[in-house]
Amino acid sequence: MTLSHAYKGFIDMLPLNKPKLLAISISVLLAACSSGGTDQTTEDDATYSLKGTVPGTLIEAFCEDGRYFSTHSDQSAPRSRHPFELELPVGLSCRLVMTTGEDTPDALVTPIGFSRQEKSSIAFKGSDDVDLGHVALVLGADPGCSFVPPAPTYDLDCNGTQDVPVYLKIESDGFEIITSVSDPLDDDRDYLVDAYEDDDKDGIPNCKDDNSGSNDYDGDGIENEYDVDDDNDGILDAEDDEDYSDEDHDKAGSAPIFTNDEPTMGRLLVATQCAQCHGTDGFSRTEIDSIAGEERSELLEETIEDANKPGELMGFHGGVYMRLTPELEAIADYLSTQ
């Protein structure tokens, strides 16, 4: 297991007892992955406000029934840190994604996660207005993807998406963090919504690709018959004259969404400390080896050995994994069962 030193600060997000640890084109305007703000709420909808400050950024919310909401932080307000405010339906599970440098070569997509005590997730529900405070994002593409040295540090595969979420600590009782084993908006559980995956490997994220030949027109991970806005143009299908689909939407929004389960400490540690190099759940998506399914004893031995080699990236842990600890055992227990 390796960890770039650029991620060391992220380890502190989990206060465990450990060392510091779609382009939809034709005649429909693109909404998801775009600059168009949307509002699909009605007078009967109960909403709450998700607000904060973040410099020059597109803020997008992808929600469990296929609804999509977006806004931009306000760069015109004098002496401000670029405030934003997004109205979301109460009780609707959503995922938040922020993009800096939108439509420029330096664009960087950053998934946003949330943490409270031992819980961390990209899925959330709100019931009361929530102020996220100032969101400190990296403001551009990883320079290591353009020239060497240095090597990439926060976008190791150089796909314009930050490898791990920026986690925000949440204290509000009106904000629920949702942990789950199965999440249709994040099918491979890599903490990036499927809308920003690149399933056909053509260099274009699903939500900007032409997915009209599939059963998921907007590439958000929700099949059309269950998606209340299956082209992500910000207009509900029942009201959309230019909707791609002629299918019956009677089932829209009724598909089972989650298999809920509290994650083990081992899974949380893998997701926060191993995923950027070895992949979520230990299944690597880069040239770095996968470590899922290895023998528990080998995982323990190799980790401690590598952590004691100054030339290894594991050395950046600064002694955290140079000896047998309950955290290291929890990681080995989890990975060996994958």
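This is a predicted model: local features need pLDDT of at least 70, side-chain atom pairs count only at pLDDT 80 or more; totals for chains, interfaces and linings use all residues.

Start with cysteine 63 and cysteine 94. A disulfide joins them, with S to S at 2.1 Å. Which hand does the link have? The torsion about the S-S bond is about 95°, so this disulfide is right-handed. Now the position. Cysteine 63 lies in strand β2, residues 57–63. Cysteine 94 lies in strand β5, residues 94–100. Buried or exposed? Cysteine 63 is buried, and cysteine 94 is buried as well.

Next, cysteine 145 and cysteine 158. A disulfide joins this pair too, with S to S at 2.1 Å. The torsion here is -90° about the S-S bond, and the link is left-handed. Where do these cysteines sit? Both cysteine 145 and cysteine 158 are in the loop between β9, 130–134, and β10, 166–169. They are 13 residues apart.

Now accessibility for this loop pair. Cysteine 145 has 32% relative accessibility, so it counts as partly exposed. Cysteine 158 comes out at 39%, so cysteine 158 is partly exposed too.

To recap. The link of cysteine 63 and cysteine 94 is right-handed, and both of its cysteines are buried. The link of cysteine 145 and cysteine 158 is left-handed, with cysteine 145 partly exposed and cysteine 158 partly exposed.

How values were computed:
Residues are numbered from 1 along each chain as its sequence is written. Side-chain values use heavy atoms; hydrogens and water are left out. A disulfide is a pair of cysteine sulfur atoms within 2.5 Å. Helices (H or I, at least four residues) and strands (E, at least two) are DSSP runs, numbered from the N terminus. Buried means under 20% relative accessible area, exposed over 50%, partly exposed in between (1.4 Å probe, protein chains only).
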